[in-house]
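Have the model open and follow along.

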There are 2 protein chains.
Amino acid sequence: MTDRKAPVCVLGGGSFGTTLANLMAAEGVPVTLWLRDAKVARQIADNHENPRYLPGFRLDERLQVTTDIEAAIASAGLIFLAIPSSAFRSVLQSVGPLLAGKQVVSTTKGIEQPGFLMMSQIVEQEAPAARVAVLSGPNLAKEMAAGELTATVVASEDEQLCHAVQAVLGGPNLRVYASQDRYGVELGGALKNVYAIIAGMASALGMGENTKAMLITRALAEMTRFAVHMGANPLTFLGLAGVGDLIVTCTSAQSRNFQVGYALGKGETLEEGVARLGQVAEGVNTLKVLKQKSEEEGVYMPLVTGLHAIVFDKQPLPVVIGKLMSAEQKTDVEFAAVMSAGPIKS
Amino acid sequence: MTDRKAPVCVLGGGSFGTTLANLMAAEGVPVTLWLRDAKVARQIADNHENPRYLPGFRLDERLQVTTDIEAAIASAGLIFLAIPSSAFRSVLQSVGPLLAGKQVVSTTKGIEQPGFLMMSQIVEQEAPAARVAVLSGPNLAKEMAAGELTATVVASEDEQLCHAVQAVLGGPNLRVYASQDRYGVELGGALKNVYAIIAGMASALGMGENTKAMLITRALAEMTRFAVHMGANPLTFLGLAGVGDLIVTCTSAQSRNFQVGYALGKGETLEEGVARLGQVAEGVNTLKVLKQKSEEEGVYMPLVTGLHAIVFDKQPLPVVIGKLMSAEQKTDVEFAAVMSAGPIKS
């Protein structure tokens, strides 16, 4: 069994990193949170609050905080990465050798270009001697911080590492399920944002329950098709990091992706929507990357293609919807026939 | 190719049967709708409206209506069944021999006891010479009638029959996907109501997005576990009749199942909730049947067991939730390891 008293560290003091660190500290796990910003670090140490990324939540007094990344890593055998994707490689480059032999869990979603790399693949490149896992699921940080019942997935072929994460992170309000499909779990988290744009658009158009369920289900089929082509297990998408995360992403109206989609659905151009929202939504970049990759790989992704035509080629929405609805009616779950292994008794 | 002008009939003039028949009639398919109630039949014939089950929707003038079931069946090669589960066997018994050689598509959800039989299995017993398929998916009748974009699944090992249904039913607002897993598709439609009760309860308790996504995903895992044990393909549950229908069922606050759950979540007993709502929700019966069957078969269904304890054994909600959250943390998608067939390229 893993020792729940073994020290852990979390790199990155945004809302998710702070929440993770605090949940573990509250369960008596010795946790050090590293963040770059000395002012925020001091506020957490003095006032037990992260006013920048998690205002209004009182943090556990046992949570240690530091701006010394080398000391933070040295203090722990299990390290969670909650660094924004834009800074991910540069941070890893600076500390790669220190991670040798450590258990490293990436919680960051994103795709690095060129190379179409997931964050855990960057860890492998920059810290080749580390043991690597990823954490993903329907996990809005603010709800987790507020103690809402939540479930997440830790994925790695390293079963011992999965058990270690379940032991330190599982608690009365958080359940941690294990998966061996690291790539599939990570890909689910990276791709979902594209479909949140479509969900926002559907909402702006006043589409009903049938239509929303169709969009989410076909989005899932499309994500799964792509992921399976890239080497993932289709059944990962039945789980928390697939359909679970997709449901939260497509039904939460607060996300920037959803809001960009809503603006597009109301007839605004991408430029107008982005100007009003003040920032490019992550899903817009993922859309570009995914359109290109799916064409290179020859994977059929009609929703990505249709959304790309609306966002970048200014094709009218009704034209794109008409095309989607009149395409050939194929099979519901196309892997079903290939993967069928007959009944599994017990 | 199937002839779109070949005559079709629909047995059952409830909201779903009327909607299906009308959608096909509007696309120029010759359709006869059979219903038992002569008064409603006359109203449809005279006023092109079904005021009892689909008030406010104008039906296509080409839609034929009859109360003569033998004539209706004789007129068509493709027959849709939209008869309530309570009357399903008795109607099939009366017309079984007439269905020999016909293509029969059941759209009715339910489980017959004793025997744990799906509706299409009743068709097989009462009309052994018929060709059988089922239709299921996230299909609220009123939204379909209103022309909302909708997708559905036709499932049968009889591929020609699937193609025939796609040809007559597919249209500008309705996409029909095919599946070979008739049992899995049918089971998805029958089991989902139990989880709508849980969703209603979660809503009454003010649970957040993380919790709702966890419940839907774990409900899907549990349904899939049961269905796979019974011989279905797990990947069916990635599709419209699995996750698609579950999303609609668990997010539509109008369903009686959701409302019973909401009442329970607010602290009412089942009896109080049912008394106020005026009718027992279907999910309550399914819950009983499923609890018993899962125990007989030795399938682990913690949500069904927990809900049963709340509904029938009056166990307090917080106790049941505490048990669920403290159970062993297992794998995310347990079939993943068993079913993994490696990457499927293109």
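Where in chain A does Pro114(A) lie? Pro114(A) sits in the loop that runs between β5 (103-106) and α5 (119-126) of chain A. Helices here are DSSP runs of H or I with at least four residues, strands are runs of E with at least two, and both are numbered from the N terminus.

A quick word on ground rules: this is a predicted model, with local features needing pLDDT of at least 70, side-chain atom pairs counting only at pLDDT 80 or more, and totals for chains, interfaces and linings using all residues. Residues are numbered from 1 along each chain as its sequence is written, chains are lettered from A and ligands numbered from 1 in the order in which they are written, and side-chain values use heavy atoms, leaving out hydrogens and water.

Most residues other than glycine have a negative phi, and most peptide bonds are trans. The bond from Gln113(A) to Pro114(A), though, is cis, with omega near -10°. Hop over to chain B and you'll find a cis bond from Gln113(B) to Pro114(B), with omega near -10°; Pro114(B) is in the loop between β5 (103-106) and α5 (119-126) of chain B.

Stay in chain B for Phe116(B), which is also found in the loop between β5 and α5.

Last stop: His48(B), in the loop between α2 (38-47) and β3 (64-66) of chain B. His48(B) has a positive phi too, near 55°, and is buried, with a relative accessible area of 15%.

Definitions and conventions
Buried means under 20% relative accessible area, exposed over 50%, partly exposed in between (1.4 Å probe, protein chains only).
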